[in-house]
Amino acid sequence: MILDKNFLQNSAFNKAEYNYSQDDLSAGIIHIGVGNFHRSHQAYLLDSLFNQRKDLNYGIIGAGLREYDTFMRDDLLKQDCLTTLVQRDENTTNTRVLQSMIDFIEVDNNLLVESLCNENIKIVSLTITEGGYYIDSYGNFNIQNEEIQADINNPDNPKTAFGILIKALKIRKEKGLNPFTLLTCDNIAHNGNVLRNVMVKMSQQIDADLSEYIASNVSCPNSMVDRITPTATKEDIAFIQSEYGYIDNRPVFSEPFIQWIIEDNFCNGRPALEEVGVMFVDDIEPYELMKIRMLNGSHAAISSVSALLDIDYVHEALENETVKTFLDSIINKEVIPVLKDIVTDINLDEYYNTVITRFANPYIKDTITRICFDNSNKQPKFIIDSIKDGIKNNVNVDGLILACALWCRYSIGTDENGKELDINDARKDKLKDLALEAKDNPIVFIQFDEIYGTLSQNTYFSETFTKFLNSIWENGVENTVKNYNKQ
Ligand code: CS2
């Protein structure tokens with residue numbers, strides 16, 4: 001029996017806990033990029049709000065532009081867009097079927113534009129990954145990118161999310177409809193500002209008036225999002241079937257922890273998410289910096305070394321003394337000293353303890369492969385920015401530089417026993433070539449400017465990287481990290 005509306009209405013499953021159904025909702029949000037995270041986070045919080053019978057006009061419509069989205073759409077439509085969310089740690093297994101998504105637009109750019117022009121849509125939210133914003137290693141919008149240029153030259157037939165949003169905003173403006181808020185939920189510092197800059201700069205090349213209109217009328221609040229959400233496995237699907245008697249082909253498993261902090265800047269209204277624990281603030285910077293540098297930074301710091309040491313899960317990485325000591329040293333000696341002047345209201349040591357406790361949760365089975373995914377878009381934002389700031393502030397960042405050398409070794413694609421590493425990165429081939437060349441000439445890896453910008457010109461950085469990479473090849477991964485840990 002596949003999960004669907006009928007099943008939910010007719011079975012005894014958790015019935016008492018549902019105070020609304022999809023029939024009570026109308027569409028108010030289009031979400032682009034429906035993955036696991038969106039569903040464990042935004043869709044879950046809206047479900048909690050709807051369950052209080054509030055703001056029922058903010059139902060979510062799923063959308064996407066890629067092949068992956070067609071598979072997600074097909075599967076979700078078969079189960080009436082319902083998602084089973086299981087939140088797990090050692091004390092709880094909390095299962096709920098989320099009903100906050102009510103439809104999923106066909107993966108077709110014209111249909112997406114059409115839906116975006118529905119005046120009931122007040123918010124367009126996005127999870128299009130850190131790499132989805134065309135940002136170069138200097139933090140600037142890469143307007144010369146081929147895909148962006150194609151949309152600028154052919155704005156009526158856009159292919160990128162931004163081209164599509166610009167076209168829809170143009171139509172809304174012409175029809176005299178209010179614009180929508182653009183709410184990014186990706187892990188990028190100042191994510192709203194980044195998005196806004198892309199929208200304004202790109203539209204400038206298309207239609208100057210429209211660009212001005214977007215700059216003055218469309219809000220792009222910055223936000224910090226947080227909930228660890230691994231990819232569900234076959235065993236997870238089987239767990240739901242044996243435990244609850246139905247099949248959900250797209251369940252989501254997450255930790256119980258959840259956080260969403262948003263700047264309160266919505267041009268066309270918003271749901272009362274504060275009722276379900278979302279924090280609305282005037283300035284997001286301290287929170288997002290803390291989260292990106294400490295939580296995502298920790299993942300990025302342990303990702304390559306764990307893969308090279310043949311560790312499968314994040315909780316196992318934390319049980320490995322070499323990896324744990326390495327991480328503690330990076331965060332305590334290199335990341336926190338830079339952050340403590342910017343993040344003054346939050347106890348960073350306590351925050352780090354929470355991060356570690358969350359990583360140690362064995363019940364969510366977060367994989368090292370997941371945290372290695374798309375590393376070439378994560379290293380710049382999660383590691384390299386910390387290195388740059390450390391150097392500026394005279395903080396020793398040897399550990400972070402060692403993390404870069406380990407990533408270089410990882411990019412070869414095999415571990416020290418010849419076992420193949422499961423690398424999922426658009427720059428994989430280029431990185432492998434550079435990593436092989438770097439065996440004899442380490443500096444070529446850090447001269448890859450799409451990732452490192454001009455950082456290789458810093459002598460401390462390039463000498464330390466060279467020292468560590470040479471040591472990795474001479475003494476091995478584990479010994480190199482252990483030696484660093486002794487410092
Ligand atoms: C992870 C994130 O992909 C990563 O590198 O750090 O997916 C992380 O689990 C989330 O940001 C947690 O909110």
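Which feature does UniProt place at residues 283–473? The record, an unreviewed entry, gives "domain: Mannitol dehydrogenase C-terminal" for this stretch. UniProt positions follow the numbering used here, feature names are shortened, and annotations may be inferred rather than shown by experiment. Over residues 283–473 the chain is 69% helix and 0% strand.

The model is a predicted one: local features need pLDDT of at least 70, side-chain atom pairs count only at pLDDT 80 or more, and totals for chains, interfaces and linings use all residues. Residues are numbered from 1 along each chain as its sequence is written.

The chain holds 22 helices and eleven strands. Helices (H or I, at least four residues) and strands (E, at least two) are DSSP runs, numbered from the N terminus. The radius of gyration is 23 Å, close to the 23 Å that the globule rule gives for 487 residues, so the chain is as compact as a globular protein of that length. This radius is taken over C-alpha atoms, and the rule is 2.2 Å times the number of residues to the power 0.38. The C-alpha trace spans about 65 × 55 × 45 Å along its principal axes. Of the 487 residues, 46% are buried. A buried residue has 20 or more other C-beta atoms within 10 Å of its own, an exposed one has 12 or fewer, and a partly exposed one falls in between, with C-beta atoms placed from the backbone. Among contacts with a separation of 6 or more, 77% join residues 24 or more positions apart. Contact requires C-beta atoms, placed from the backbone, within 7 Å.

The chain is divided into domain 1 (5–281) and domain 2 (285–485). These bounds come from an automatic or database domain assignment. The domain centres, taken over C-alpha atoms, are separated by 29 Å. In the interface, 23 residues of domain 1 are in contact with 25 residues of domain 2. On the side of domain 1 that touches domain 2, β8 (223–226) and β9 (252–254) are the elements that give two or more residues. That side has nine nonpolar, seven polar and seven charged residues. Here Ala, Val, Leu, Ile, Met, Phe, Trp, Tyr, Cys and Pro count as nonpolar, Asp, Glu, Lys and Arg as charged, and the others, Gly among them, as polar.

The ligand lies between the two domains, because domain 1 and domain 2 both give residues to its shell. The surrounding residues are Asn187, Asp226, Arg227, Ile228, Leu295, Asn296, His299, Ala300, Ile371 and Lys378. Helix α11 (residues 285–308) supplies the largest share, four residues. By class, the shell has four nonpolar, three polar and three charged residues.

Most residues other than glycine have a negative phi. Thr129 has a positive phi of about 75 degrees. Thr129 sits in the loop between β6 (123–126) and α6 (146–153). It is partly exposed, with 17 other C-beta atoms within 10 Å. Asp374 also has a positive phi, near 60 degrees. Its place is the loop between α15 (368–372) and α16 (375–392). Asp374 is partly exposed, with 18 other C-beta atoms within 10 Å.

Thr354 belongs to helix α14 (residues 348–359). Thr354 is partly exposed, with 13 other C-beta atoms within 10 Å. Thr354 and Ala435 are 81 residues apart along the chain, and 35 Å separate their C-alpha atoms.

Note on methods:
A residue is near a molecule or strand if its C-beta atom, placed from the backbone, lies within 6 Å of it. Two residues are in contact if their C-beta atoms, placed from the backbone, lie within 7 Å.
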